[in-house]
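Hello,

Here is the structure I promised to pass on to you. Have a look at it first, and then read on for what turned up in it.

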There are 2 protein chains.
Amino acid sequence: MDQTGTIEKATDVLFHLHRQAAGCGISEIGRALDIPKSSVHRLLAALASRGLVEKDEAGRYRPGIALLALGLGVLEREPIVQVARPILERLAVTLGETCFLVAARAGRLRVLEKAEGTGFLRAAPQVGAEVPHQVTAAGKLYLALAPESLSATDNAPQSRAEGIAVERALRQVREQDLAWNRDEWIAGLSVVAAPVRMGERLLGALALALPSAALAERDGGELEQQVKAAAAKTSDRLNGLGLPHSSVDPLPIDPR
Amino acid sequence: MDQTGTIEKATDVLFHLHRQAAGCGISEIGRALDIPKSSVHRLLAALASRGLVEKDEAGRYRPGIALLALGLGVLEREPIVQVARPILERLAVTLGETCFLVAARAGRLRVLEKAEGTGFLRAAPQVGAEVPHQVTAAGKLYLALAPESLSATDNAPQSRAEGIAVERALRQVREQDLAWNRDEWIAGLSVVAAPVRMGERLLGALALALPSAALAERDGGELEQQVKAAAAKTSDRLNGLGLPHSSVDPLPIDPR
DNA sequence: TTTATTGTTCCGATATATGGAACATCGTAT
DNA sequence: ATACGATGTTCCATATATCGGAACAATAAA
């Protein structure tokens, strides 16, 4: 993995800054990544010249705003996000709970968009964050419907008995065209997810997250229908488009 | 400015990809940035190894999802965004028009967060985008209250008469603690902005944007009050915090 | 004050990026 | 089918940008 190269090192520094909550000092980064101070200094100077990192008032380095524009640009060029956004928002308002969209990118599942619910206690996934395969609703959906789009790491179940149980669960997911996750990933958090498709291809998972306690007081079947309907609508609109990436107007007219 | 360096070249490639709506080919990038094909190839390979760029199905390069995580990380570590977000959302729902937050970063004004209105016709600024100084409500606020936080480029007015007019307008902004922009930047778009402060320091501008036609049918004074109130609330909450960057929980409790 | 740690600059040695050229691949027009 | 142009990819000798130790400056801590 240690193909030493300038760009690789620079991005490693970038990700290190990203992981740290507070700003970092040069020596600190050098120690963490095993790069001499002077090199870190030069890397940061280059990155700062383009706004990818910044120095805060204390002289410590943090990720820069240039990254913001680049990152959000990625979202803007995802047709599925454009299509799903208003649907997620409406569903979140209707149900009062957080809805989000997950899709496989580079073999990993990532949250592409979210619309938070209104509850005092509510799920707040981070856009751009990765979610695990085995213990999430979106993950099960992918394992059941499009495992090839996930990198194979740790997809292998531990024992034979587990393997059978997993395969059984996945078959159920395929039958229902829907996946649940109740407290498996995060205690107290339940999620339902339904597939967004283009033809046979799985493009993403539209998910509804709510506290498990809140789920107990609701009609699970109705939630399933709502999520399925939202996912289906997303699929339809996505397929309705001619699919030449629609550019985004500064003042879009949004017939929702 | 053309201090040739590997990192600089790589980020130039990144920004070039960002600007292009569709994916780019290697030769194309090389021509645009005046870099030989083979170098572009190598740069892209390095960037791709870290997920900063990706190849789409057609083999063309686009910005990668790694940028998404990095970019949104920038937002998450801005306390002012954390604080302003729910306030923006509520204001947008109340008024039915788009609200957004602008702040100076690295001498430039940028949209840090937004909450879109519900109108068929509505403003839809892009988070991360830059806004000009002279012809926007947020820009006027900064020019009047904290010009030192803007890079001085093109802040100088053209003629003496204009200079006086500008100074007069800025004085009014200072008196009202509020700035308007009616059709000055984008025809048909009007914006009111009020300052978010910490002590004397200007931290950002909370703005309300609506079609000028819609503004004509509303009580401008009431909008001013709403925006001022929202900005004041943001300031208060921001000052209420001890201001050690509050980390964000996966399941935050949000007492709004 | 001293001491320790950090940020910054300098510079020779060397590894690394460079870019021209040749090759491979594709799509298009002849 | 063939020729053509453009593109993505690989190779390699050369030049140069990166490396990293060391010395220095600027802090903060003792």
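Let me start with one pair of strands: strand S3 (residues 98–105) of chain B and strand S8 (residues 201–211) of chain B run antiparallel and are joined by five bridges. Within that pair, B:Cys99 has B:Leu208 in S8(B) as its bridge partner. Strands here are DSSP runs of E with at least two residues, helices are DSSP runs of H or I with at least four residues, and both are numbered from the N terminus. Two strands count as paired if DSSP finds at least two bridges between them.

Before going further, a word on the source: this is a predicted model, in which local features need pLDDT of at least 70 and side-chain atom pairs count only at pLDDT 80 or more, while totals for chains, interfaces and linings use all residues. Residues are numbered from 1 along each chain as its sequence is written, chains are lettered from A and ligands numbered from 1 in the order in which they are written, and side-chain values use heavy atoms, with hydrogens and water left out.

**The sheets**

In chain B, six strands make an open antiparallel sheet in the order S5-S4-S3-S8-S7-S6. Strand S5 (130–131) and S6 of chain B are its edge strands, each pairing on one side only. Strand S6 (residues 179–182) of chain B pairs with strand S7 (residues 189–198) of chain B over four bridges, in the antiparallel sense. There, B:Asn181 is bridged to B:Val191 in S7(B). Six residues lie between the strands of this hairpin, and B:Asp183 takes a positive phi near 65° in it.

Chain A also has an open sheet of six strands, with antiparallel pairing and the order S5-S4-S3-S8-S7-S6. Its edges are strand S5 (130–131) and strand S6 (179–182) of chain A; each has a single partner strand, so one side of each is left without a neighbour in the sheet. S6(A) pairs with strand S7 (residues 189–198) of chain A in the antiparallel sense over four bridges, and A:Arg182 has A:Ser190 in S7(A) as its bridge partner.

**The cores**

A nonpolar core is a set of buried Ala, Val, Leu, Ile, Met, Phe, Trp, Tyr and Cys residues joined through side-chain atoms within 4.5 Å. Buried means under 20% relative accessible area, exposed over 50%, and partly exposed in between (1.4 Å probe, protein chains only). The largest core has 118 residues, of which A:Ile80, A:Tyr142, A:Leu206, B:Ile80, B:Tyr142 and B:Leu206 touch the most other members. A second, separate core of 43 residues includes A:Val40, A:Leu47, B:Leu47 and B:Val74.

Not counting residues up to four places away in sequence, B:Tyr142 is in contact (heavy atoms within 4.5 Å) with residues including B:Val102, B:Leu109, B:Pro147 and B:Leu203.

**A buried glutamate**

A:Glu54 lies in strand S1 (residues 53–55) of chain A and is buried, with a relative accessible area of 14%. Among the residues that A:Glu54 touches are A:Arg60, A:Tyr61 and A:Ile65. The backbone nitrogen of A:Ile65 lies 3.0 Å from a polar atom of the A:Glu54 side chain.

**The DNA**

Which residues come nearest to DNA strand D? Of the 17 around DNA strand D, they are A:Lys9, A:Ser38, A:Arg42, B:Ile26 and B:Ser27. A residue is near a strand if one of its heavy atoms lies within 4 Å of it. Sugar and phosphate account for 64% of the atoms of DNA strand D that come within 4 Å of the protein. A polar side-chain atom of A:Lys9 is 2.9 Å from a phosphate oxygen of DNA strand D, while one of A:Ser38 is 2.7 Å from a base nitrogen of DNA strand D.

DNA strand C is surrounded by 18 residues, the closest being A:Ser27, A:His41, A:Lys55, B:Ser38 and B:Arg42. An N or O atom in the side chain of B:Ser38 is 2.8 Å from a base nitrogen of DNA strand C. For B:Arg42, a side-chain N or O atom is 2.6 Å from a phosphate oxygen of DNA strand C.

Enjoy exploring it!

Definitions and conventions:
A polar contact is a pair of N or O atoms within 3.5 Å; within protein, one must be able to donate a hydrogen and the other to accept it, and residues adjacent in sequence count only if both atoms are side-chain atoms.
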